[in-house]
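Hi everyone, thanks for making time.

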Amino acid sequence: MSKQDIDEIDLKILQLLVENSLQSNKEIGEKVHLTGQAVGARIRKLQDLEVIEGYTLRCNPGKLGLQVSAFITVFMKSADTHASFQHYIQRTQPIVEAHRISGEGCYLLRVQVPTPMDLNDLLGEMVQFGNYKVNLSIGQLK
């Protein structure tokens, strides 16, 4: 993919989809001055170019009983534990986001659990891979 494959209208369509992916092609078309059919063709092109990798849903974790949100920086105890830790990340539902990072630590995880005790249990499982530092979220701004 080259920069030439994507123009300003494509970028505006992407922005509109990020804001609300439930908008119809017709609604987007009205905002970028194209027909719904032309918007659909541009979206398919962006999918083919793998600029659009998929669609997600945002939900309110508190409404699902997930009252505790935390960010965990993991410091691996040895280089040999990375593969098993990555497997652990994939199969552990409370870990909703995971990043391999540089700087302080090896991984940054975002977790959501019902109670502080559930967070404590999760941290107890993680200690087999290394040490960690926990930051609790006290409110989401964006």
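Let me start with a term: a residue is buried under 20% relative accessible area, exposed over 50%, and partly exposed in between, using a 1.4 Å probe and protein chains only. By that rule His87 counts as exposed, because its relative accessibility is 51%. You'll find His87 in helix α4. When I say helix or strand, I mean DSSP runs, H or I of at least four residues for helices and E of at least two for strands, numbered from the N terminus.

Before going on, a word on what we're looking at. This is a predicted model, where local features need pLDDT of at least 70, side-chain atom pairs count only at pLDDT 80 or more, and totals for chains, interfaces and linings use all residues. Residues are numbered from 1 along each chain as its sequence is written, and side-chain values use heavy atoms, with hydrogens and water left out.

Take α1, residues 8-19, and α3, residues 36-48. Their axes come within 10 Å and cross at roughly 90°. Axes here are lines fitted to C-alpha atoms, for helices over the stretch in contact, and angles run from 0 to 180 degrees between N-to-C directions. On our scale, under 35 degrees is roughly parallel, over 145 roughly antiparallel, 65 to 115 roughly perpendicular, and the rest oblique. So α1 is roughly perpendicular to α3.

Who touches whom? Contact means heavy atoms within 4.5 Å. From α1 we have Ile9, Asp10, Ile13, Leu14 and Leu17, and from α3 there are Val39, Arg42, Ile43, Lys45 and Leu46. Sorted by class, that contact has 7 nonpolar, no polar and 3 charged residues. For the classes, Ala, Val, Leu, Ile, Met, Phe, Trp, Tyr, Cys and Pro count as nonpolar, Asp, Glu, Lys and Arg as charged, and the others, Gly among them, as polar.

Let's stay with Arg42 for a second, which sits in α3. Is Arg42 buried or exposed? Buried, because its relative accessibility is 19%. Setting aside neighbours within four places in sequence, Arg42 is in contact with Asp7, Ile9, Asp10, Ile13 and Leu34.

Now bring in α2, residues 25-32. The axes of α1 and α2 come within 10 Å and cross at roughly 130°, so this pair is oblique. On the α1 side the contact uses Ile9, Lys12, Ile13, Leu16 and Leu17, while α2 brings Ile28, Lys31 and Val32. The tally there is 6 nonpolar, no polar and 2 charged residues.

The remaining pairing I want to show is α2 with α3, packed at an angle of about 100° with axes 8 Å apart. That makes the two roughly perpendicular, therefore. Asn25, Lys26, Ile28, Gly29 and Val32 of α2 meet Gly36, Val39, Gly40 and Ile43 of α3. This contact has 4 nonpolar, 4 polar and 1 charged residues.

Two loop residues deserve a look. His33, in the loop between α2 and α3, has a phi near 65°, a positive value in a residue other than glycine. Glu50, in the loop between α3 and β1, has a positive phi of about 65° too, and is not a glycine. Most residues other than glycine have a negative phi. His33 counts as exposed at 72% relative accessibility, and Glu50 is exposed at 63%.

Next, the cores. A nonpolar core is a set of buried Ala, Val, Leu, Ile, Met, Phe, Trp, Tyr and Cys residues joined through side-chain atoms within 4.5 Å. How many residues are in the largest one? It has 19, and those with the most contacts inside it are Phe85, Leu109 and Met126. Two or more residues each come from β1 (68-76), α4 (82-91), β3 (107-113) and α5 (116-126). The largest share, 5 residues, is from β1. Beyond its neighbours within four places in sequence, Met126 is in contact with Ile72, Val74, Phe85, Tyr88, Ile95 and Leu109. There's also a second, separate core of 11 residues, including Ile6, Leu17, Ile28 and Ile43.

Last stop: Gln128, in the loop between α5 and β4. The C-alpha atoms of Gln128 and Ile13 are separated by 45 Å. Thanks, happy to take questions.
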